[in-house]
Structure formats: C-alpha cells, structure tokens
Amino acid sequence: MSDRGSLRSTLHERGMRMTPQRQLVLDAVRELGHATPEEICKKVQGTAPTVNITTVYRALDLLEQLGLVRHTHLGHGAPTYSAEEHEHVHLACHRCGRIDEVAIELLDDLGKLLLAERGFELDPTHLALSGTCRTCREAD
C-alpha cells in the first residue's frame, strides 16, 4: 500500500479524515528530513499558500500521535520533526548549529546506570546532546 493509502487508512480507522493539508505536511517532513514547524510551513505554503502555522502544528501533532513523525529538541528553539526512525542521538553544536548523529548504543552504559540507580528508563532516540563540534573547537 502506498504511503498516502496507509495514512488514509490509519486516519479512517480512528474516525478521522484525510485532508490535503495533513498529506502536504507529511510530504514536507519526509522531503526536508529534520525540519522545524516553520520550515515545514514554508515548504507547504509553496504548494498551498493558505495553510498557516496553526494548521501545520495541528497536523504535526496528529501525525506524531499516529507514529508517522517524531520530534526532537535540538536546542533552545522549536523542535525539529522527522519521518525517519530516530535510531540515533543528535549532537548539536551550540556555536555553528551543525547537527551530527551518533548511534544510540553509545548511551547504553548511561541507560543501564540510570535504570539501576534511579529506575529511569532512558529513551535515547528522543535526545540531543549540546556541545561544541570538532571544527569549532579546532578554530579556537
């Protein structure tokens, strides 16, 4: 089944209808990769100029509830959304803004420690670490 068909079916099963705006938002997230709601809105408005940021936020919220997109906070600004599975941890350089990705397995020991000592189960796929990238450090 196509992506459009699966979204339509998922919405129908939950008593909701497929709207062009929802599909445009999902398409924009998939095309942009990691993108803020504002970036997604700008992309959608290229096709549908009357779609506003409120519609985009509502669509993103619904799409996240359906498991079709996921958000991550990469810093102090708006979250970024992605349609890809987040099987990585984001590394956000607070100087240049570069975003890198590393395998979630790098946090296995921390996850085990937090579970053993605090009873806290870490979800590293929803995590961004802030710091300074190699390029910025070497520029000093």
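The largest pocket has a volume of about 200 Å³ in this predicted model. A pocket is an open set of points on a 1 Å grid over the protein atoms alone, where a 1.4 Å probe fits, with protein on both sides within 12 Å along at least five of seven lines. Grid points are joined across faces, edges and corners, and the volume is the space filled by probe spheres set on the points. Lining residues have an atom within 4 Å of a point.

The lining of the largest pocket includes Leu91, Ala92, Cys93, Arg98 and Asp100. It also includes the run Leu129, Ser130, Gly131, Thr132, Cys133, Arg134 and Thr135. Two or more lining residues come from each of β3 (88–93), β5 (128–131) and α6 (134–139). Helices (H or I, at least four residues) and strands (E, at least two) are DSSP runs, numbered from the N terminus. Five lining residues are nonpolar, four are polar and three are charged. Here Ala, Val, Leu, Ile, Met, Phe, Trp, Tyr, Cys and Pro count as nonpolar, Asp, Glu, Lys and Arg as charged, and the others, Gly among them, as polar.

The second largest pocket has a volume of about 150 Å³. It is lined by Ile104, Leu107, Asp108, Gly111, Lys112, Leu115, Phe120, Glu121, Leu122 and Pro124. Six of these residues are nonpolar, one is polar and three are charged.

Helix packing was examined next. Helix α3 (residues 37–45) packs on helix α4 (residues 53–65) at about 115°, with the axes 9 Å apart. α3 is therefore roughly perpendicular to α4 (65 to 115 degrees). Axes are lines fitted to C-alpha atoms over the stretch in contact, and angles run from 0 to 180 degrees between N-to-C directions. The crossing of α3 and α4 is right-handed (the near helix is turned clockwise from the far one by less than a right angle). Pro37, Glu38, Ile40 and Cys41 of α3 meet Ile53, Val56, Tyr57 and Leu60 of α4, contact meaning heavy atoms within 4.5 Å. Seven of the residues in the contact of α3 with α4 are nonpolar, none is polar and one is charged.

Helix α2 (residues 20–32) also packs on α4, at about 75° and with the axes 9 Å apart. α2 and α4 are therefore roughly perpendicular to each other. From α2, Gln21, Arg22, Val25, Leu26 and Val29 take part. From α4, the partners are Thr55, Val56, Ala59, Leu60, Leu62 and Leu63. This contact has eight nonpolar, two polar and one charged residues.

Residues are numbered from 1 along each chain as its sequence is written, and side-chain values use heavy atoms, leaving out hydrogens and water. Local features need pLDDT of at least 70, and side-chain atom pairs count only at pLDDT 80 or more, whereas totals for chains, interfaces and linings use all residues.

Technical notes:
Angles under 35 degrees count as roughly parallel, over 145 as roughly antiparallel, 65 to 115 as roughly perpendicular and the rest as oblique.
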